[in-house]
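Dear colleague,

Please find below the structure that I am handing over to you. My notes on what was found in it follow directly after.

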Amino acid sequence: MSITKDVLTCTMEFALPYHCYPIGDQAITLELGHTINEEINDRVMSLFYWLKDEQIPGIKDIIPAYASISLIYDAQIIRKISPKTSPYHFVRTILLSGLKHFDTPQIKHKRNISIPVCYDETLGPDLASLADEKQLNIQEIIQIHTAAIYRVYMIGFLPGFAYMGKVDERLMVNRKASPRNQVAAGSVGIAGTQTGIYPFESPGGWQLIGQTPINLFNPSASSPTYFEPGDLVQFVSIELDEFYQLKNNPS
Amino acid sequence: MGIRIQKQGMADSLRDGGRFGFQHLGIPPSGVMDPVALFVANTLVGNEPDTAVLEMHFPAPIIEFETTTLIAISGADFDASIDGVEIAINQPIIVTANSVLRFSKILAGARAYLAVKGGFVADHWLESDGTQLLVGRGGFKGRNLQKNDQLAFKQTFNYHIEEPSLLPWRANVADCYLGKTIQMIEGPEFKLLNDASKKIVRENSFVISNNSNRMGFRMQGASLELREGYECLSSAVSMGTLQLLPDGSTILLMADHQTAGGYHRIAHASSAAIPSLAQLNVGETIQYQFISLETAEQTLMKQQRYLIQLAHACNFRLHEYLANE
């Protein structure tokens, strides 16, 4: 690599806005933006897969999010590798060295997944109020929600809970003012420009518009979650009888 | 052969250092609340430091040993006795078949840990023996222990002795617990607090409210305000993070925290302070002491060095004792 190229890459790296900070004395976050945006999330995913492949000792978890990536590390192990530097600074240097991988975003990990969803008022208790608020009929809501291909920006909140986006502006709606104590497993919800599915029964504040009969968490599988960060998801509308058929005979 | 739960405690579960490597899938580590107690209890019985132990709250369980083994209790002192004879924490004990371990009251701390030589047979799920309650995997059948549960030991321990016996050494871990002053480093959104709120966090005290558990401690105290409204995108959180909720109250995330969150991160408890936090009961008052990241790293290193020395000493004593039998 020529010196000129090195200088150029350097300049490019530092031209990218980023912010690196500790989130504890054994955890670090690299923030690449403040918006839900495919380009930024592509960079997050590139870093995620690069860090996974590097298998750096002492890094216990690599957690991608919308516009940031965080590492949970073991300071004791890091100190063995680099006794003289602060573990934070050591990990920070590794993380920042990954910024050059932005040049070649790795999109090989994206899978296309379609998810059957029954948009019935018995399964989507907020459908009617959403229709009212947005002055749409339920058919239009279904049409808009199923038209888009959503990206799994990140997984969190519950095991396997995929934060997907972006939801069409016509369906954008705030979280419920007071969360439900119990949201059924499989419920499909909207919060702002995000959409997601609850893999477990749990309390939750997202506006619920339907339910999938698919079991999104299989503890016996080596990869127990249905989704992975970076997946591309499209919802397919199904009728109530088909929902119960699939729910009762999963195969 | 192992233990049988004669009476269940409030929330007894098998825990290890945590299930790491799966947080990108939303699966939290859910390890022990008190990592020092995990290390010490295991070290005293000659286990690898991360071996799953029984985490107990008060009221604690009544435990019957079905066979002879070597045990140690660390963390909280719940006034333990075996067959009516008081026993100390942080000391290895050989228990005999049919002996019964009871805990009568809280003398100090909030979570006690029982290690047995070789560890408990557990449901190994995603590289950890620890319990994951929501998924219902890991630990003992993925749940808290109940009356009459029988937990087997991974190893047998052949030692000829008539009655339970304390081995003649103790681990001194006093320096690992720093009391009610919790060392913190500033979080990324600390600077967004208004000046009055910054002063409150630095100087006021906060009470651990009733609404606290392994997920997090809801802190009761003066309400905090931001200088300006500012939405955070969800991102990863870590154990010890002090989050600001929209109503001005705060929550300190503990071992069962979710993997990601979108609330403002005011501060983070230093790793060396986590054991102290884990041993606080609901209703206790704490104060934050802000330190630099470098100081937090140094303090943790000092704690870890001390524990390694302790482990060497314990291994030496145990080896010598068992060899002379």
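I begin with one bridge: in β4 of chain A, the partner of A:E31 is A:S68. The model is a predicted one, in which local features need pLDDT of at least 70 and side-chain atom pairs count only at pLDDT 80 or more, while totals for chains, interfaces and linings use all residues. Residues are numbered from 1 along each chain as its sequence is written, and chains are lettered from A and ligands numbered from 1 in the order in which they are written. Helices (H or I, at least four residues) and strands (E, at least two) are DSSP runs, numbered from the N terminus. Two strands are said to pair if DSSP finds at least two bridges between them.

**Strand β4 of chain A**

The bridge named above belongs to the antiparallel pairing of β2(A) with β4(A), which are joined by 5 bridges. β3(A) also pairs with β4(A) in the antiparallel sense, again over 5 bridges. Within this second pairing, A:I63 stands opposite A:S70, and a hairpin through 3 residues connects β3(A) to β4(A).

A residue is termed buried if 20 or more other C-beta atoms lie within 10 Å of its own, exposed if 12 or fewer, and partly exposed in between, with C-beta atoms placed from the backbone. β4(A) is largely enclosed by the rest of the structure, because 6 of its 6 residues are buried. Both of its faces are covered: one carries the buried residues A:S68, A:S70 and A:I72, and the other A:I69, A:L71 and A:Y73, likewise buried.

**The contact between chains A and B**

Contact here requires that the C-beta atoms of two residues, placed from the backbone, lie within 7 Å. On that basis, 41 residues of chain A are in contact with 35 residues of chain B. The elements giving two or more residues to the chain A side include β3 (59-64), β4 (68-73) and α4 (87-97). β3(A) gives the most, with 5 residues.

**The open sheet of chain A**

Chain A also holds an open sheet of 7 strands with mixed pairing, in the order β5-β13-β6-β7-β10-β9-β12. Its edge strands, each pairing on one side only, are β5 (112-117) and β12 (207-211). Strand β9 (residues 187-191) pairs with β12(A) in the antiparallel sense over 4 bridges; there, A:V188 has A:G210 of β12(A) as its bridge partner.

Yours sincerely
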